[in-house]
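Me: Please show me the structure, and then let us examine it through questions and answers.

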Amino acid sequence: MRGLTTLQAMALGALLLCMIVAAGVLDRRFPLPGLVSRLWRRLRPPSETIEGYQHPDLVDVVFRKASAYIARGEWPEMVGVASVLDFGGGFGDHYKLARLQSPNIKWAVVETPAMVARAAELCTDRLGFFSSIATAAAWLGSVEVMHSSGALQYTPEPDVTLRELCGLRAKRMLWQRMALSTDRLERDMQSSNLGDNGPGRLAGLKEKIVLYERTKLPEQIFLDAHKGYELTARGTDWFHFTLQ
Ligand SMILES: C[S@@+](CC[C@H](N)C(=O)[O-])C[C@H]1O[C@@H](n2cnc3c(N)ncnc32)[C@H](O)[C@@H]1O
């Protein structure tokens, strides 16, 4: 078979470019399948960068996604649980799933001041948002479970926050999506696309790069902080402890 002429190759290239641009424009209105959307973003990375979990654009995107999020599925660890302190629990996505297992569960989210302010309209007598661990614990009365998913590494002093959370003496401590180091404290800047924050996808979003500072505690320091707890299960980035 003969190769393409220069003219045919140029026409094919132009057609491909039109398809990619159309995909990008469409993606602003209707979320496209992940692969097409990822390809578009790789070819045309966002030009604007924002920083930190309290940036208003990030708070707004996560809030709008969380409002549309419908939880489905099972969470065996939450069956029969009465009270949970959820450190870094966003706008209560984990609560939505936990409530399917235990409808009367009382849930206190500890978040940044910007997230707590935006969450005001979500508060009920069963779901509260707090910017300090102590106030969240006082509102709960007693903390049966401490839960935290992918948050400790984004706090300015993870060792201090860890000690405070272990000091609650919750019956169980459930850590998910942890970033720990092997031997020494590691700090780096992590980046993500704005649209990848929060559950699901959002149409009409102007994509930006989000930067966050991340601090990884050494795993041994993390484990040693749980004095009086037994490590009952673990994976590479998750840990379950039970008070002895
Ligand atoms: C990667 S997100 C995880 C959100 C959610 N827990 C999840 O698993 O999808 C990290 C969360 O930690 C929160 N966060 C960051 N710094 C915090 C701090 N100092 N105190 C409480 N929450 C914080 C962020 O606002 C964000 O909601």
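Me: What share of the contacts with a separation of 6 or more joins residues 24 or more positions apart?
Reply: The model is predicted, so local features need pLDDT of at least 70 and side-chain atom pairs count only at pLDDT 80 or more, while totals for chains, interfaces and linings use all residues. Residues are numbered from 1 along each chain as its sequence is written. Two residues are in contact if their C-beta atoms, placed from the backbone, lie within 7 Å. Among contacts in the protein chain with a separation of 6 or more, the share from residues 24 or more positions apart is 63%.

Me: How many residues does the largest nonpolar core have?
Reply: A nonpolar core is a set of buried Ala, Val, Leu, Ile, Met, Phe, Trp, Tyr and Cys residues joined through C-beta atoms within 7 Å. Buried means that 20 or more other C-beta atoms lie within 10 Å of a residue's own, exposed 12 or fewer, and partly exposed in between, with C-beta atoms placed from the backbone. Met-146 is one of the residues with the most contacts inside the largest core, and Met-146 touches Phe-87 and Leu-165, among others. The number of residues in this core is 46.

Me: Within what arc do the buried residues of H3 fall?
Reply: Helix H3 covers residues 56-68; helices (H or I, at least four residues) are DSSP runs, numbered from the N terminus. Its buried residues are Leu-58, Val-59, Val-61, Val-62 and Lys-65. They line one face of the helix because, seen down the axis of H3, the directions from the axis to their C-beta atoms fall within an arc of 165°.

Terms used:
Helices (H or I, at least four residues) and strands (E, at least two) are DSSP runs, numbered from the N terminus. The expected span of a helix is 1.5 Å times one less than its number of residues. Lists of a residue's contacts leave out its neighbours within four places in sequence.
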